[in-house]
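Hi,

Here is the structure I promised to pass on to you. Have a look at it first, then read my notes below.

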Amino acid sequence: MDEYTRKFNTAEEKDEQIHHILTSVYEALREKGYDPINQIVGYILSEDPTYITNHNHARTLICKIDRDELLQVLVKNYLEL
């Protein structure tokens, strides 16, 4: 049995997961010719998944993120906290 205590930072892992999903969604929107920023903002404001393309499963990915968590990560990263 391992004698060391292990710490898991689930907040960091969640932030990384959100970053990965948001980057993938951004790329899928860009590939389809959409303005990714406008589409993602539309989704965040309305929570209507039709703002996000199905290309590369982007809509499925974005729906895995809680909108409140997404906003928290975006504000935190914008303010570099």
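His57 sits in the loop between helix 2 and helix 3; helices here are DSSP runs of H or I with at least four residues, numbered from the N terminus. Before going on, please keep in mind that this is a predicted model, where local features need pLDDT of at least 70 and side-chain atom pairs count only at pLDDT 80 or more, while totals for chains, interfaces and linings use all residues. Residues are numbered from 1 along each chain as its sequence is written, and side-chain values use heavy atoms, with hydrogens and water left out.

His57 has a positive phi of about 60°, although it is not a glycine. Is His57 buried or exposed? With 60% relative accessibility, His57 counts as exposed (exposed is over 50% relative accessible area, buried is under 20%, and partly exposed is in between, using a 1.4 Å probe and protein chains only). Glu47 is in the loop between helix 2 (36-46) and helix 3 (58-62) too. Glu47 follows helix 2 and has a positive phi, near 60°, and Glu47 is not a glycine either. Its relative accessible area is 43%, so Glu47 is partly exposed.

Now for the inside. A nonpolar core is a set of buried Ala, Val, Leu, Ile, Met, Phe, Trp, Tyr and Cys residues joined through side-chain atoms within 4.5 Å. The largest one here has 15 residues, and the members that touch the most others are Val25, Ile40, Ile52, Ile62, Ile65 and Leu70. Two or more residues each come from helix 1 (10-31), helix 2, helix 3 and helix 4 (67-78). Which helix gives the largest share of this core? That is helix 1, with six residues. Take Val25: leaving aside neighbours within four places in sequence, Val25 is in contact (heavy atoms within 4.5 Å) with Ile40, Ile52, Ala58, Leu61 and Ile62.

Next, how do helix 1 and helix 2 pack? Their axes are 9 Å apart and the angle is about 125°; axes are lines fitted to C-alpha atoms, for helices over the stretch in contact, and angles run from 0 to 180 degrees between N-to-C directions. Helix 1 and helix 2 are therefore oblique to each other (under 35 degrees would be roughly parallel, over 145 roughly antiparallel, 65 to 115 roughly perpendicular, and the rest is oblique). Leu22, Val25, Tyr26, Leu29 and Arg30 from helix 1 meet Pro36, Ile37, Gln39 and Ile40 from helix 2. Those contact residues divide into seven nonpolar, one polar and one charged (Ala, Val, Leu, Ile, Met, Phe, Trp, Tyr, Cys and Pro count as nonpolar, Asp, Glu, Lys and Arg as charged, and the others, Gly among them, as polar).

Two residues of that contact are worth a click. Tyr26, in helix 1, is partly exposed at 32% relative accessibility. Not counting residues up to four places away in sequence, Tyr26 touches Pro36, Ile37 and Ile40. Gln39, in helix 2, is buried, with a relative accessible area of 19%. Beyond its neighbours within four places in sequence, Gln39 is in contact with Leu29, Tyr34, Tyr51 and Ile52.

Helix 2 has other buried residues, including Pro36, Ile40, Gly42, Tyr43 and Ile44. What covers the buried residues of helix 2? The cover includes helix 1, helix 3 and helix 4.

Cheers
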